[in-house]
Amino acid sequence: MLPASLVIAVSFAYLLALFAIAWWADHRAHMGRSVIGNAWVYALSMAVYCSAWTYFGSVGRAAGSGVWFLPIYLGPMLAMILAWVVVRKMIRIARAYRITSIADFIASRYGKSPSLAGLVTLITVVGIVPYMALQLKGIASAYAVMTSPLGAVTAHAGPWWTDSTLYFALALAGFTIVFGARHLDSTERHEGMVAAIAFESLVKLLAFVAVGLFVTYGLFNGLGDLFNRVRDHDGISRLLQFGQGQAFAYSQWAGLTLLAMLSVVFLPRQFQVMVVENVHESHLRRAVWVFPLYLLLINLFVLPIAVGGLLHFGAGGMNPEMFVLSLPLAQGWTMLALAAFVGGLSAATGMVIVEAIAVSTMICNDLVMPLLLRSSRYGARSATDLTGLLLGIRRLAIVGILLLGYLYYHLAGEAYALVSIGLISFAAVAQFAPALLGGMYWKGGTRRGAMAGLLAGFLCWAYTLMLPSLAKSGWLDDGFLRDGVLGVTWLRPEALLGLGALDNLTHSLFWSLLLNIGAYVGVSLWRQPTAAEASQALLFVDVERRTDATQPVFWQGRAQVPALRALAARFLGAERAARLFDAYAREQGRPSAAALVADARLVQFVETQLAGAIGSASARVMVASTVEEEALDLQDVMRILDEASQLRAYSHALEEKSQSLERATAELRQANEQLKSLDRLKDDFMSSVTHELRTPLTSIRAMAELIRDEPDMPAEQRQQFLGIVVGEAERLSRLVNQVLDMAKIEAGHAEWHTTTVDMRALLEQAAGSMAELMRERGIGLTLELPARVTALQADADRITQVVLNLLSNAAKYAPRDHGRVWLSLSERPDGVEVRVRDNGPGIPAEQRERVFEKFRQVSGDDHYRPGGTGLGLPISRQIVERYGGRLWLDPEPGGACFSFFLPFAATEAAETPT
Amino acid sequence: MQDVLVTQRLVALFGAAVALLNFPLLALWDHDAVWLGLPLFPAALFAIWALLIGLLAWVVERSPDPAQGTR
């Protein structure tokens, strides 16, 4: 037992610390260094799912029925598997249309209907009250356990104003206001609150795990020892068995899982942290698995604590829901107990704060606001600044919700276990699933359908679950539970139409969801959707397919910029409105807000901004009363949609066209470059040819002039000059022939007579025809030929031309009198290789490739031109390459070594008709 | 394209999870046995749960960065 003053002081100190964290986070956000822009913080803030229910209730549930506390956490596991698909879409929709609550989401989807928003809010408030009561009950019981002698917890007695729970509720309301309703934000995002919630999630996890470790390893010698001892107690060991001595209730198991799966998305606080407070949708990627991991960790020690408590205190000795506190207290570990109490406080306050903020936003925007705006004092024609009023309503709503929770706790809380209270709330919010999920994926859902579905589901829930819970608490005569209303037995709330095979929760869930879905689908299909419904359906279902630029705007009419601006100022404050308009003008490329045109897009912009502050339904009403609208019908919606998609198609086509133009330009540029370089080559070639032709012509002319001018030249000298003239003329004709040959080959006009060629015979023949010349110059020719090689397909004359060219080159460069030339042939797997080597001066490395250029004659000495045209090698290379072969110069020290390779079978590739 | 694949994987994983955690596969653990010193049924539930978290993390963390969906 601890002194009450200490427990209260620690509680307040903890709440103050929370507030400090929130203040710090808000401060950081203002400085542009957000602390919540982080996937881990986002995942931790989702863990607000674990409330006092998890912290205290799960242990109680486990002590009563074993693993049956688990479906409540396996459901979220299932939901999170699909969250990356479903919740991401919700986040995108909420962001695009500034949706700030679940009521707003549903109302906005079905044509921004105020009545639908109001209905969803009502269901939420009624449904969430028991859940609030659960938190208060958890804290109240925990406080009692901490401050009373162990095992002597007595029900509270005394007048209501002495009940500490009431003051606790009021204190929590105060803190919630500080967290969430200090100022107005049109996106309804609360950085400070999220940071505090994430911190609370850490605290409750650590505290619970600490108690778990204490029980497992302090009280017992580990899990093995704990479960070994359990086996001796028949009553406790049965808890750990599959069916616990009965048939396993599969339907209840599946029902609870489904319920939790829906709740983890549709509970107001979950929607708030998951969708509204999401900073960046990529954070969801990590959160979808970190959040289930968190749930697993916090549930790991539930069973050990439960069975440990049962072993320690004996069944019935102590309230199992408070084992987390009573076990450390019983062992005298008061500090641990205090830490555990703070953990429980974390769990409860976190839930209460977020839930109250979310629900107060809904009450303000979707319930009170539409009513206020209808009145003459605050309506469309009035000019009152409403920002102060908005805040006042929210604060009042927060206090109201907590007082309602306290009332329910006071009236019905004592009779029920924590978990059973929570499940009633879960079943209520599950009613949102058909309208919300249907609205996200089915364009056919209408406002009437959603209305009918929600009403049917809610009424069925109230009749089959809420009323019985009140009756069982003794506030109603419970006779109708047994006999049915007015004695009609098939109307019994917990066995409608006599369906008695299900437990009361699964029974209620089954009937309410069945009626809900049936009414939603049935009534939706009854009539065609109106223009407003159809247009919103398109915007919601196809949210992922549109970008801002091609987003259709479903509005037509006339508006004035000053009127719109005044409207925005009324709800957002003059300063904020001015900032928004300026930013919008910049985005539209206008010099200032004064230059804006009041087109449909501006009207939509203002309406979206207002929706963030007062809900989409109220925003619609306000905008409609400020501007002159023309009603849209279904044809208009289709027309606008067509225009938008045409616009999209046009921009798409335009983009494609410009891309293909770019491609064409690039191709043309490339072709042009090629032409230019060919032109340059041609010029080079022409100048080389003229140069080469001029040299022999000049010497012929000089000799001829000498002979003409000196008629009495000695016959001997004349003979010598004439010899030079003949030689130069021969060289000239050879040159002309080769130029023609080259041109023919390059143009593809050469004639090729492909036959079967035996390379060995061909080389022998070529060597024979060169032998005389070589001998004259005193050069030795060595043949290195294999006995036989495979024949190949080629033009024998052309190949001979190549070999002769190489041989004559070798003969030219080999030194006179002691020169040597080697001609060798070898067979490769895919062709033959011919090498011609000499012992001449060789070719410097940097000139190796240049010898294959036209008119290039290489030697160490520039003035030494051993007669030749400079076309032999280029022509030879063309011939060899025509047959798919290669001609190259081997780097060989001492002399030049030319080789060429001819394949057996690659001729077809290059063989073009000539 | 990659996004479509991720969606299909998630739906498949969801189907597997529903099957593993419901009738009749749940009855696989209907034995009064001990696994590593722990009672079989609760231990199996936690093991399945951990397995699902692992698979989910594997699927989503490998998915490509979403298109710029920033505020």
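Reader: Where do I start with chain B, and what is its mean pLDDT?

Author: Start with confidence. This is a predicted model, and chain B has a mean pLDDT of 81, with 85% of its residues at 70 or more.

Reader: Which parts of chain B have the lowest and highest confidence?

Author: Among its elements, strand β1 (residues 34-35) of chain B is lowest, at a mean of 78, while α2(B) is highest, at 91. Take care with residues 66-71 of chain B, where the pLDDT is below 50. That stretch still has six contacts in the model beyond near neighbours in sequence.

Reader: And what ipTM and pTM does the predictor give the complex?

Author: The predictor gives an ipTM of 0.91 and a pTM of 0.70.

Reader: How should I read the contact between the chains, and how many residues does each one bring?

Author: The size of an interface is often given as the accessible area lost when the parts come together. Here we can count residues instead: 33 residues come from chain B and 32 residues from chain A. On the chain B side, α1 (2-20), β2 (38-39) and α2 (40-61) each supply at least two residues. The most come from α2(B), with twelve residues. By type, the chain B side divides into 22 nonpolar, six polar and five charged residues.

Reader: Now a helix in chain A. How many residues does α3(A) have, and how far does it reach?

Author: Some background on helices: an α-helix has 3.6 residues a turn, so residues three or four places apart point the same way. Helix α3 (residues 52-65) of chain A has 14 residues and reaches 19 Å from its first C-alpha to its last, close to the 20 Å expected. There is a kink of about 35° in α3(A), centred on Ser58(A). Just after α3(A), Gly66(A) takes a positive phi of about 65°.

Reader: Is α3(A) mostly covered or mostly open?

Author: Mostly covered: twelve of the 14 residues in α3(A) are buried. Among them are Trp53(A), Tyr55(A), Phe56(A) and Arg61(A), along with Ser58(A), where the kink is centred.

Reader: Which residues does Val725(A) contact, leaving aside its neighbours within four places in sequence?

Author: Val725(A) is in contact with Ile700(A), Met703(A) and Ala704(A). Ala704(A) is 21 residues from Val725(A) along the chain, yet their C-alpha atoms are separated by 7.5 Å.

Conventions
Residues are numbered from 1 along each chain as its sequence is written. Chains are lettered from A and ligands numbered from 1 in the order in which they are written. This is a predicted model: local features need pLDDT of at least 70, side-chain atom pairs count only at pLDDT 80 or more; totals for chains, interfaces and linings use all residues. Two residues are in contact if their C-beta atoms, placed from the backbone, lie within 7 Å. Helices (H or I, at least four residues) and strands (E, at least two) are DSSP runs, numbered from the N terminus. Ala, Val, Leu, Ile, Met, Phe, Trp, Tyr, Cys and Pro count as nonpolar, Asp, Glu, Lys and Arg as charged, and the others, Gly among them, as polar. The expected span of a helix is 1.5 Å times one less than its number of residues. The bend at a residue is the angle between axes fitted to the seven residues ending there and the seven starting there. A residue is buried if 20 or more other C-beta atoms lie within 10 Å of its own, exposed if 12 or fewer, and partly exposed in between; C-beta atoms are placed from the backbone. pLDDT is the predictor's confidence in each residue, from 0 to 100.
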